[in-house]
Amino acid sequence: MGISNLLALLAGVALFLFGMSLMGDGLKKVAGNKLQTILYKLTNTTLKGILLGTGVTAVIQSSSATSVLVVGFVNSGMMKMKNAIGIVMGAIIGTSVTGWIICLSTLNPGAGSGILELLSTDTLTAIIAVVGIVLHMSSKNQTKKYVGDIMLGFSVLMFGIDSMSAAVYPLRESAAFVGLLTKFSNPILGVLIGVIFTSILQSASAAVGILQTLAVTGAISFEIALPILMGIAIGASVPVLLSAIGANTAAKRTALSYLMIDLVGAIVFGILFYGVNAFAHFGFMGIALNAVHIAAINTAFRLAIVVLIAPAITLIEKLVILCVPDNPEEAADTKDMDRLEDRFLAYPAVAVEQSEQVVNSMVEKTRKTIYGALGLFDNFDSKVFAKVERGEETIDRYEDKLGTYLTKLTSLELNRDQTTKVSKFLHIITDYERISDHALNIAESAKEIHDKKLEFSEDAREDLKVAVAALMEIVDISFDAFVNDDQRTAVHIEPLEERIDELCDELKRKHIERLTAGKCTLQNGFVFNDIVTTIERISDHCSNIAVAIVELDDGSFETHRTLADLKNEHKHHYDELLDQYRQKYVVK
């Protein structure tokens with residue numbers, strides 16, 4: 001192969017990969033959100049999971065993308081690992097569809113007839129490219145633009161295949177190249193080549209496409225193609241494994257299940273196939289393959305993996321749990337959620353009591369998260385920052401699990417006290433989830449200060465300390481009042497919230513004065529302003545908690561009316577508390 005052929009081959013690979021990426025991105029943008037909803041809702045059985053995984057992957061043309069999406073669902077607590085494994089199996093089958101699309105490049109009705117020439121792949125690809133660029137450039141409708149991207153991606157992919165085919169065609173006469181490929185008939189070597197090749201490309205579809213392109217040389221036989229395809233299937237797990245870095249234990253296990261399914265499936269299939277071949281000596285092993293043959297073998301092999309492994313999903317689940325043991329801290333974070341058992345729904349009193357325990361656990365975890373975030377201002381620690389991130393994710397899972405469980409409770413026959421409690425919990429969990437989000441925002445601001453080595457003025461630091469102290473008090477008062485259902489303590493929250501609002505306004509005003517006087521930089525100013533705004537928002541959510549404590553005990557929930565009542569009906573006491581907080585939290 002000359003240098004010009006090598007460059008043409010590399011250019012073809014580049015076009016092929018870019019075309020696949022463009023087409024896949026377009027498909028995801030057109031149907032991505034709907035597909036996510038389908039994946040999330042319709043995976044209650046293994047068979048449904050396999051069928052959905054196959055269908056979704058066939059649409060978005062990427063088993064890695066489907067599996068990464070599923071890892072995200074498991075990481076957020078929206079999906080159980082056992083359900084996810086079914087989708088992963090379907091993704092393994094669905095990715096073989098790309099090979100059949102690539103086979104279109106081999107269709108050529110031939111010359112001599114104008115009608116037949118119009119049906120040639122080259123002509124159809126050119127037409128699709130023209131229509132695609134017109135949609136992309138001229139359409140104002142975003143969906144049509146994405147459709148244009150899909151068509152352009154398909155066209156670029158097909159041109160890339162043609163370029164690769166033309167570049168490798170002369171190799172059919174090369175004895176050295178044929179000799180090199182012959183070595184890959186060794187199953188172990190062929191599998192290793194497939195794994196390495198796919199790991200580098202980060203795409204099983206691309207690896208299969210390049211193998212199909214090499215088939216035009218006539219040097220790819222069945223005994224060469226099969227082990228390489230087995231290696232490609234195993235290597236496709238690399239992007240999925242990378243997506244699980246930093247994820248929770250369940251998500252890591254789901255990502256590992258992709259590798260386990262392909263690895264165990266390839267081993268079992270290999271033992272069966274080569275074991276039988278050792279006695280039967282299949283006559284088709286040396287037959288030269290074309291692109292269609294490779295697509296068919298790839299699909300059949302992937303189907304065989306799923307058929308072999310599907311009955312053993314429970315064993316795969318146990319195997320990945322063995323390989324990725326529980327994280328003690330993570331298990332402790334979510335242990336209380338195990339109280340929300342569906343079997344308790346038959347006994348509403350027990351279910352409400354268990355829900356209360358879990359909500360209280362959520363409250364304490366939120367308190368721990370916000371305290372950890374605030375502590376980063378004085379002493380930034382990357383480990384504490386990571387705990388705040390994990391705490392925010394844990395609280396998200398609490399909200400999702402509690403929201404689902406409490407909604408089920410509302411459909412049961414509850415007495416007045418139970419109905420009040422469930423309503424209170426439903427209103428309150430969103431505030432705690434939002435407070436945890438703001439805690440993470442504070443932690444990110446502290447990280448920015450640390451990473452960029454920002455220095456606030458002495459006045460700014462002292463002002464923030466006052467605001468942070470007030471915030472910590474309102475967090476403690478509101479959280480304790482909720483856990484203890486203490487209305488007498490709850491009435492302290494609103495006057496303190498008003499004082500925090502006043503403090504935040506003062507801090508912003510003083511900050512502008514410092515900027516004007518040149519005592520503070522604009523970059524510092526953005527971070528300072530973000531922190532003050534976040535403090536104000538957290539105190540607002542604490543105010544919502546107070547309203548829930550006071551108002552829902554009366555059987556209704558009208559925020560504005562309750563706030564007005566707190567200020568007007570108990571005006572003397574309210575003003576007295578407000579004065580106390582104004583004297584306690586003062587900025588110079």
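This is a predicted model: local features need pLDDT of at least 70, side-chain atom pairs count only at pLDDT 80 or more; totals for chains, interfaces and linings use all residues.
**Surface and overall make-up**

I started with the accessible surface of the protein chain, which comes to about 27500 Å². Carbon and sulfur atoms own 61% of that surface.

Next I looked up how much of the chain is buried: 48% of its 588 residues. I then went through the secondary structure and found 26 helices and zero strands. I also checked the contacts between residues at least 6 apart in sequence, and 80% of these join residues at least 24 apart.

Which residues make the nonpolar surface patch I looked up? They are I3, L6, L7 and L10, and the patch covers about 400 Å². I placed L10 in helix α1, which takes in residues 3-41.

**Helix α15**

I checked the length of α15, residues 291-309. With 19 residues at 1.5 Å a residue, the helix should span 27 Å, and its end C-alpha atoms are 27 Å apart, so the two agree.

What caps the N-terminal end of α15? I found N290 there, with a side-chain oxygen 3.1 Å from the backbone nitrogen of V292.

I went along the helix looking for buried residues as well. Among them are A291, I294, A295, I297, F301, A304, I305, V306 and I309. N298, T299 and R302 are buried in α15 too.

Is M285 buried or exposed? Its relative accessibility is 9%, so M285 counts as buried, the cut-off being under 20%. I listed its contacts, leaving aside neighbours within four places in sequence: S221, F222, E223, F273, Y274 and N277. I also looked up L226, which sits 59 residues from M285 along the chain. The C-alpha atoms of M285 and L226 are 9.4 Å apart.

H281 is exposed, because its relative accessible area is 59% and the cut-off is over 50%. I wrote down its backbone angle too: H281 is not a glycine, yet its phi is positive, about 50 degrees.

**A positive phi at D485**

I found another positive phi at D485, near 50 degrees, again in a residue other than glycine. Where is D485? I placed it in the loop between α21 (458-484) and α22 (487-490). Its relative accessibility is 41%, so D485 counts as partly exposed.

Conventions:
Residues are numbered from 1 along each chain as its sequence is written. Side-chain values use heavy atoms; hydrogens and water are left out. Patches are made of residues with over 30% relative accessible area and no salt bridge: like charges are joined within 9 Å, nonpolar side chains (Val, Leu, Ile, Met, Phe, Trp, Tyr) within 5 Å. Accessible areas come from the Shrake-Rupley method with a 1.4 Å probe; for residues, only the protein chains shown count as cover. A salt bridge is a side-chain nitrogen of Lys or Arg within 4 Å of a carboxyl oxygen of Asp or Glu. Helices (H or I, at least four residues) and strands (E, at least two) are DSSP runs, numbered from the N terminus. The expected span of a helix is 1.5 Å times one less than its number of residues. Buried means under 20% relative accessible area, exposed over 50%, partly exposed in between (1.4 Å probe, protein chains only). A polar contact is a pair of N or O atoms within 3.5 Å; within protein, one must be able to donate a hydrogen and the other to accept it, and residues adjacent in sequence count only if both atoms are side-chain atoms. Contact means heavy atoms within 4.5 Å.
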